[in-house]
Amino acid sequence: MPNSDEIRILIADDDQIIRDGLANVLSAQEGLNVVATAATGAEVFDQLALHKVDVVMLDVDMPVMDGIEAARRLSRERPDLPIIMLTAFEHEDSLGQAIGAGVRGFLTKDIPAPELADLIRKAQQGQHVMAERPTEILTASYVQKQHYREQYSDFIDAVRALPDHLIPTFRLLLKALPNKNIARITGLTEATVRSYVSDILALTGCATRGELAITAVKAGILE
């Protein structure tokens, strides 16, 4: 008979050796029980229909539906269900996407089983848990963004000082839309849009649209 105090875990990883190994290791930890596994993000939802689960552990790279997309869908459909990304985070973009998807934990596959079990318990209790590598990536990203914000402070100030009538055109410029599309969306004439674009470039000190977009990214205005 299942122990009602056990934390029931679903593991999703397309590598069967890793998936089965994690299931065996975690189920051997006190208070944890891996009740289901999945090889793709899509299979996660099939398994959730069959099993009662307290924590979902997702790998980032999986076929059919990757871990990020699965996390987004889980956050919409099961906002009460803790999600832990268990992977070798090497890039800020995948980590940032996971954060945006509502993930509660970011753990790497090399964490010793007892420590991993403890972090799973904390995540199930509502805490956010972070392994060393994801923490390093976030810290480095924060430091770099702060550096860029200081380096591009004049550009940031110029953007903040843009007249209200230029803001809609500025936002659409950052989406790399041509004047014709900007005119259609804003209801302006193409001649007015050309004039606004020239004003925006002059006020921000940028020579081209491309320079404007790149500077906006570096300044943290355009993610």
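**Notebook: the sheet and its helices**

Entry 1. The model I consulted is a predicted one. The pairing to which this bridge belongs joins strand β3, residues 55-58, to β4 in the parallel sense, over three bridges. I then followed M85 to the neighbouring strand, where its bridge partner in β5 is F106. β4 and β5, the latter being residues 105-107, are likewise parallel and share three bridges.

Entry 2. I next asked which residues of β4 are buried on each of its faces. Strand β4 covers residues 83-86; I83 and M85 are buried on one side, and I84 and L86 are buried on the other. Both faces of β4 are therefore covered, by the burial of these residues.

Entry 3. In the loop between β3 and α3 I noted V64. Its phi is positive, at about 70 degrees, although V64 is not a glycine. V64 is exposed, with a relative accessible area of 75%.

Entry 4. I turned to the sheet as a whole. In what order do the six strands stand? I read the order as β2-β1-β3-β4-β5-β6, in an open sheet with parallel pairing. The edges are held by β2 (32-38) and β6 (129-130); each has a single partner strand, so one side of each has no neighbour in the sheet. For strand β1, residues 7-12, I found a parallel pairing with β3 over four bridges. Within β3, M57 is the bridge partner of I11.

Entry 5. I recorded the helix that lies across this part of the sheet. Helix α1, residues 16-27, lies across β1, β2, β3 and β4. Its direction is at about 165 degrees to that of β2.

Entry 6. I examined helix α2, residues 41-50, together with α3. Their axes come within 9 Å and cross at roughly 30 degrees. From α2, the residues G41, V44, F45 and L48 meet A70, R73, L74 and E77 of α3. By class, this contact has five nonpolar, one polar and two charged residues.

Entry 7. I then asked where the buried residues of α2 lie around its axis. The buried residues of α2 are G41, V44, F45, Q47 and L48. Seen down the axis, they fall within an arc of 165 degrees, so they line one face of the helix. An α-helix has 3.6 residues a turn, so residues three or four places apart point the same way. The cover over the buried residues of α2 includes β1, β2, β3 and α3. On the other side of α2, I found A49 and L50 exposed.

Entry 8. I inspected the loop between α8 and α9, in which A176 is found. A176 has a positive phi, near 65 degrees, and is a residue other than glycine. Is A176 buried or exposed? At 67% relative accessibility, A176 counts as exposed, because the cut-off for that class is over 50%. P178 lies in the loop between α8 (167-173) and α9 (179-186) as well. P178 is partly exposed, with a relative accessible area of 42%. I also noted the spacing of P178 and E190: they are twelve residues apart in sequence, and 9.8 Å separates their C-alpha atoms.

Entry 9. How many helices and strands does the protein have? I recorded eleven helices and six strands. Of its 223 residues, 42% count as buried. Among contacts between residues at least 6 apart in sequence, 60% join residues at least 24 apart.

Technical notes. Residues numbered from 1 in each chain as written. Predicted model: local features only at pLDDT ≥ 70, side-chain atom pairs only at ≥ 80, totals over all residues. Heavy atoms only, no water. Buried < 20%, exposed > 50% of the residue type's maximum accessible area, 1.4 Å probe, protein only. Helix = DSSP H or I, 4+ residues; strand = E, 2+ residues; numbered from the N terminus. Pairing = 2+ DSSP bridges. Axes fitted to C-alpha atoms, helices over the stretch in contact; angles between N-to-C directions. Contact = heavy atoms within 4.5 Å. Nonpolar A, V, L, I, M, F, W, Y, C, P; charged D, E, K, R; others polar. Arc of directions from axis to C-beta.
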